[in-house]
Amino acid sequence: MKLTALLSIVAIASSASIANAADVIKARPVSAPVFNWAGPYIGIEAGTAFSHFYSTDKTNTVDELKAELGKPENAALAGVFAGYNFRLGQHAIFGIDGNVDFHSSNALRISESGENDYWLYKETALAAARLRVGLAAGRFMPYLAGGLSIARAAFAYGGTDQGIISGNQLQDNHIGWNIGAGVDYAIANNIFLRADYRFSQNKIKHRYEFINENWTKEPNNIGIKSHQLRLGAAYKF
């Protein structure tokens, strides 16, 4: 009888202990794993760019050239991006980021000055190196970014009655700056998606020299302003 009573007491005490432990486990909150944004990453991207070509010359033909080149062109772009993030404290992220994209803009402008000539221009590639400052909020990281940018562009000038004049097909790198914002969202432990907006302004360091209808060279400085939207996916190492 004493043994039976002792076993009963032990059983009741064990049941109470198990019940208390279960209550403690239920009461304890389960936190989702925090995504580690620090480290290198590489990804692919695609989007669109609204490019605005303009003249930077301080001559009498500025207004005329702006009329010819001033309309924005919308075209697709696609490429790769990569970077490295550094964690500063619990939520602050500082990073470096770069990208190279191929761009397909192509536009024709007939002169509005009454002359029988036109401009053909296209933007073929875009590249940038940026600094980023982000705010890590779990799997979301909104950020601001800015830095240097390069646009590869080609221009041609000719008459509608004679086509492109020999020597008037020129291309060069337009160097400038960019600024923008975006958000990264982690969908897995090593994969995140990106939505990015960027504005860039690029100019050439020297003048394009086109041959006019009188076979004399006309120097022109041409700049590019561009609004760019990108969606991307990256793998973080």
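Is Arg 230 buried or exposed? That was my opening entry, and at 3% relative accessibility Arg 230 counts as buried. For my own reference, buried means under 20% relative accessible area, exposed over 50%, and partly exposed in between (1.4 Å probe, protein chains only).

**Ground rules.** I am working with a predicted model, where local features need pLDDT of at least 70, side-chain atom pairs count only at pLDDT 80 or more, and totals for chains, interfaces and linings use all residues. Residues are numbered from 1 along each chain as its sequence is written, and side-chain values use heavy atoms, with hydrogens and water left out.

**Arg 230 and its partner.** I looked up what the Arg 230 side chain meets, and found a salt bridge to Glu 45 at 3.4 Å, N to O. The pair ties together parts that are 185 residues apart in sequence, because Arg 230 lies in strand 10 and Glu 45 in strand 1 (residues 39-55). Glu 45 is buried as well, with a relative accessible area of 7%. A salt bridge here is a side-chain nitrogen of Lys or Arg within 4 Å of a carboxyl oxygen of Asp or Glu. Strands are DSSP runs (E, at least two residues; helices are H or I, at least four), numbered from the N terminus.

**The other salt bridges.** By this rule I get a count of 8 salt bridges. Arg 132 and Asp 184 meet in one of them, at 3.1 Å, N to O. That pair links distant parts of the chain, with Arg 132 in strand 4 and Asp 184 in strand 6 (residues 163-186), 52 residues apart. I noted Arg 132 as buried at 2% relative accessible area, and Asp 184 as buried at 0%.

Next I checked Arg 198, whose side chain meets Asp 196 at 3.6 Å, N to O. Arg 198 is buried at 2%, and Asp 196 is buried at 5%. A network of salt bridges links Asp 97, Arg 130, Arg 132, Asp 184, Arg 194, Asp 196 and Arg 198.

**Leu 135.** I found Leu 135 in strand 4 (residues 117-135). Leaving out residues up to four places away in sequence, Leu 135 touches His 91, Phe 140, Met 141 and Pro 142, where contact means heavy atoms within 4.5 Å.

**Phe 237.** My last entry was Phe 237, in the segment after strand 10 (222-236). Phe 237 counts as exposed, at 55% relative accessibility.
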